[in-house]
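Biologist: I am new to this one. Please show it to me, and then I will ask how you know what you say.

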There are 2 protein chains.
Amino acid sequence: MRLLSLLGVAATCAAAATPLALRAADDDSSPIFGVRIPSGYRQWELIAPSHETGKFNELRAILGNPIAIKAYQDATLPFPDGTILAKLAWKREPSTEFPGAFVPGAPTTVQIMVKDSRKYASTGGWGFGRFIDGKAVDRAQHETCFACHQAHVVNHDYVFTRFAP
Amino acid sequence: MRLLSLLGVAATCAAAATPLALRAADDDSSPIFGVRIPSGYRQWELIAPSHETGKFNELRAILGNPIAIKAYQDATLPFPDGTILAKLAWKREPSTEFPGAFVPGAPTTVQIMVKDSRKYASTGGWGFGRFIDGKAVDRAQHETCFACHQAHVVNHDYVFTRFAP
């Protein structure tokens with residue numbers, strides 16, 4: 001018991017001594033935007049699945065919080081503040097049980113878009129976050145988000161996904 | 001007004017005279033199993049997306065009612081009575097906005113599996129329904145459901161889809 005207590009104290013001290021910049025907590029929010037993975041996102045309603053070919057080779061599902069789903073139902077554009085979209089991606093693997101079918105393999109990224117028209121005024125009102133294993137990827141990757149959305153879907157408030165009925 | 005009234009009466013009489021076997025109401029439930037499309041299924045949580053190649057060329061999403069989702073979370077097998085799974089399918093179309101991405105096109109089928117171990121004892125406890133435009137397809141198509149599930153996924157209670165985290 002005494003040894004365990006000592007080990008516990010040592011572990012606590014080591015954590016306290018870690019420089020702030022190296023702490024895992026920093027990775028919970030995205031660079032530039034400060035977007036976090038919203039709690040309960042996996043329970044949100046489905047907007048649509050998609051399939052990304054090429055080097056990604058991923059199956060994806062885009063889910064939306066209740067504000068997002070209502071905006072899709074009412075065809076509200078631009079999306080209202082508070083809208084959050086979550087894109088879940090998995091490697092696309094052949095089914096071992098049904099020839100010709102492909103199913104989700106290992107999860108790859110979770111990508112979040114948050115609408116806050118004032119906070120993110122310089123990026124179309126959207127904040128972006130790209131996460132691997134729950135940790136945000138680097139700043140360079142986040143610098144490309146809005147430019148791509150702006151280049152491709154300016155007429156749908158910078159959102160690629162349409163609702164699949 | 002008088003002409004419209006007469007036309008209305010004529011239409012009503014024509015509907016009343018249609019033989020029961022040809023009435024659309026018959027198509028709301030599947031042959032053999034009597035499975036209907038459950039209300040609110042589009043709001044259910046996502047279990048996983050999938051991609052069917054070949055002649056189907058479809059993107060799919062499998063949703064589950066709360067009993068189904070809990071069973072997946074708890075790894076409960078066989079699935080408990082009351083489990084309902086809904087497979088939504090759309091034609092897989094290239095995105096016109098993002099090269100290399102494929103997105104849902106026209107919806108094709110909605111397929112439902114209902115667990116009732118007594119009612120459907122002869123088919124592994126599952127009732128099946130396959131619907132196009134909200135109407136059940138013919139008996140012949142429903143005769144193939146269980147044989148295929150039985151041949152491929154006997155070790156997962158005849159359910160192909162695994163939960164995509």
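Modeller: This is a predicted model. Start with B:Asp157, which sits in the segment after helix H4 (145–152) of chain B.

Biologist: What makes B:Asp157 count as partly exposed?

Modeller: B:Asp157 has 17 C-beta neighbours inside 10 Å. Buried needs 20 or more, and exposed needs 12 or fewer. The value falls in between, so B:Asp157 is partly exposed.

Biologist: What is the phi of B:Asp157?

Modeller: Phi is near 55°. That is a positive value in a residue other than glycine.

Biologist: Which residue of chain A has a positive phi although it is not a glycine?

Modeller: A:Asn57, with a phi of about 50°. A:Asn57 is in the loop between E1 and strand E2 (58–64) of chain A.

Biologist: Why is A:Asn57 called partly exposed?

Modeller: Count the other C-beta atoms within 10 Å of A:Asn57: there are 14.

Biologist: Now the peptide bonds. Which residues of chain A does a cis peptide bond join?

Modeller: A:Leu77 and A:Pro78, with omega about -5°. A:Pro78 lies in the loop between helix H2 (66–74) and strand E3 (84–94) of chain A.

Biologist: What is omega for the cis bond that joins B:Leu77 and B:Pro78?

Modeller: For that bond, omega is about -5°. B:Pro78 is placed in the loop between helix H2 (66–74) and E3 of chain B.

Biologist: On to the contact. How many residues does each chain bring?

Modeller: Chain A gives 28 residues, and chain B gives 28 residues. E1(B) gives the most, with seven residues.

Biologist: What classes of residue make up the side of chain B that touches chain A?

Modeller: That side has 17 nonpolar, seven polar and four charged residues.

Biologist: How do you know that strand E1 (residues 45–52) of chain A and E4(B) pair?

Modeller: Count the bridges. Pairing needs at least two bridges between the strands. E1 of chain A and E4(B) have two, so they meet the cut-off and count as a pair. The sense is antiparallel.

Biologist: Which residue in E4(B) is the bridge partner of A:His51?

Modeller: B:Phe102 is the bridge partner of A:His51.

Key: Residues numbered from 1 in each chain as written. Chains lettered and ligands numbered in written order. Predicted model: local features only at pLDDT ≥ 70, side-chain atom pairs only at ≥ 80, totals over all residues. Contact = placed C-beta atoms within 7 Å. Helix = DSSP H or I, 4+ residues; strand = E, 2+ residues; numbered from the N terminus. Nonpolar A, V, L, I, M, F, W, Y, C, P; charged D, E, K, R; others polar.
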